[in-house]
Amino acid sequence: MAARARTGRDYAARIARAMALIAARPADPPTLEELAGAAAFSPFHFHRVYRAIAGETPAETAARARLTGAAVALLKGRARVAEVAKQAGYGSQAAFTRAFRAAYGIPPAAYRARGGLGFPVRPATQDEESIMFEVEIRPVPALRLATLRHAGPFDGIGAAFDRLMAWGGGRGLLGPATRFVALYLDDPRSVAPAALRSDAGFTVPPGVPGEGEVRIVETPAFARVAALRFKGPYAELERAYAWLYGTWLPGSGEEPANAPVMEEYLNDCRGLPPAEWLTDILLPLKG
């Protein structure tokens with residue numbers, strides 16, 4: 001049993017190296033030989049081991065990262081769709097459009113025009129403040145998290161989650177009751193993108209230790225948290241944050257506590273289209 005556990009941990013660490021290579025080159029996906037070499041597996045067996053640990057193929061991991069980055073570029077940038085396609089590593093705009101439509105349900109140009117999937121199409125005269133979300137004030141229990149630090153723009157935290165899940169999967173720590181939570185430690189409007197800090201995390205029981213880059217973080221229980229549930233691609237969460245902090249918070253009479261904002265991911269982005277992804281934004285409150 002001990003030997004089997006060590007093998008599982010070793011396999012997970014090796015697959016995490018392949019994931020790191022994919023994340024480092026989203027627009028230039030590594031070859032099978034490069035990935036297998038990074039993980040120290042034979043190319044004949046690499047794909048089976050990767051899929052068993054990651055829950056998806058290397059190509060699916062790479063495609064998800066490329067399309068998430070492209071969605072961010074479409075919403076935040078002004079580059080033409082053809083340039084976004086090139087930056088995402090697609091050989092043509094047509095190939096990019098097919099891949100984007102298959103994942104997001106609409107072409108990239110339409111996605112940009114309507115401002116994403118998580119919001120209704122609105123008239124040009126409608127301002128951001130008129131967009132409404134529901135906010136529920138509720139308690140959140142203390143959480144014991146295995147975490148992996150991500151440095152850089154928050155929309156890149158997915159790569160840290162992929163590596164962390166490989167770590168957890170190799171140790172048998174992931175199950176139906178596991179909660180997946182991110183801690184955002186800086187304000188993206190006041191800290192340079194390269195200096196932003198965030199932690200990808202999932203819940204672990206007492207007795208599970210950290211190891212290497214993986215640290216155990218225990219968050220306190222909060223009696224009152226402003227919870228905003230968002231349905232849609234992660235690339236669109238920034239607008240929900242802008243509404244929560246810019247519209248709801250000033251008019252609520254509430255004040256944020258001295259604790260980082262959290263996100264909890266309520267379903268598996270690997271098995272669902274981006275339009276179905278559910279995220280709770282959790283803002284701890286004083287009092």
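I looked up Arg163 and found it partly exposed, at 22% relative accessibility. My cut-offs: buried is under 20% relative accessible area, exposed is over 50%, and partly exposed lies in between (1.4 Å probe, protein chains only). The model is predicted, so local features need pLDDT of at least 70 and side-chain atom pairs pLDDT 80 or more, while totals for chains, interfaces and linings use all residues. Residues are numbered from 1 along each chain as its sequence is written, and side-chain values use heavy atoms, without hydrogens and water.

Which residue does Arg163 meet in a salt bridge? I found Glu213, at 2.6 Å, N to O. A salt bridge here is a side-chain nitrogen of Lys or Arg within 4 Å of a carboxyl oxygen of Asp or Glu. Arg163 sits in helix α8 (residues 157-169) and Glu213 in the loop between β4 (197-203) and β5 (215-219), so the pair ties together parts 50 residues apart in sequence. Helices (H or I, at least four residues) and strands (E, at least two) are DSSP runs, numbered from the N terminus. Glu213 is exposed, with a relative accessible area of 56%.

**Other salt bridges**

I searched the whole structure and got 21 salt bridges. Asp280 and Arg229 form one of them, at 2.7 Å, N to O. This pair links strand β8 (residues 278-284), which holds Asp280, to strand β6 (residues 222-231), which holds Arg229, across 51 residues. Asp280 is buried, at 3% relative accessibility. Shared partners join Glu136, Arg138, Arg229 and Asp280 into one network of salt bridges.

I also checked Asp10 and Arg14: their side chains meet in a salt bridge at 2.7 Å, N to O. Both lie in helix α1 (residues 2-24), 4 residues apart, about one turn of the helix. Asp10 is partly exposed at 36% relative accessibility, and Arg14 is buried at 14%.

**Nonpolar cores**

I took a nonpolar core as a set of buried Ala, Val, Leu, Ile, Met, Phe, Trp, Tyr and Cys residues joined through side-chain atoms within 4.5 Å. The largest has 35 residues; Trp167, Tyr184, Phe202, Leu228 and Ile281 touch the most other members. Elements giving two or more residues to this core include β2 (143-151), α8, β3 (180-184) and β4. Which element gives the most to this core? It is α9, with 7 residues.

I listed the contacts of Trp167 (heavy atoms within 4.5 Å). Not counting residues up to four places away in sequence, Trp167 touches Ala12, Ala146, Leu173, Phe202, Val208, Pro209, Glu211 and Val214.

**Helices α4 and α6**

I then turned to helix α4 (residues 58-76) and helix α6 (residues 93-104), whose axes come within 11 Å and cross at roughly 95 degrees. Axes are lines fitted to C-alpha atoms, for helices over the stretch in contact, with angles from 0 to 180 degrees between N-to-C directions. That makes α4 roughly perpendicular to α6 (65 to 115 degrees; under 35 is roughly parallel, over 145 roughly antiparallel, the rest oblique). On α4, Leu67, Thr68, Ala70, Ala71 and Leu74 make the contact; on α6, Phe96, Ala99, Phe100, Ala103 and Tyr104 do.

**Pro139**

My last stop was Pro139, in strand β1 (residues 135-140). Pro139 is exposed, with a relative accessible area of 56%. Leaving aside neighbours within four places in sequence, I found Pro139 in contact with Phe222, Ala223 and Arg224.
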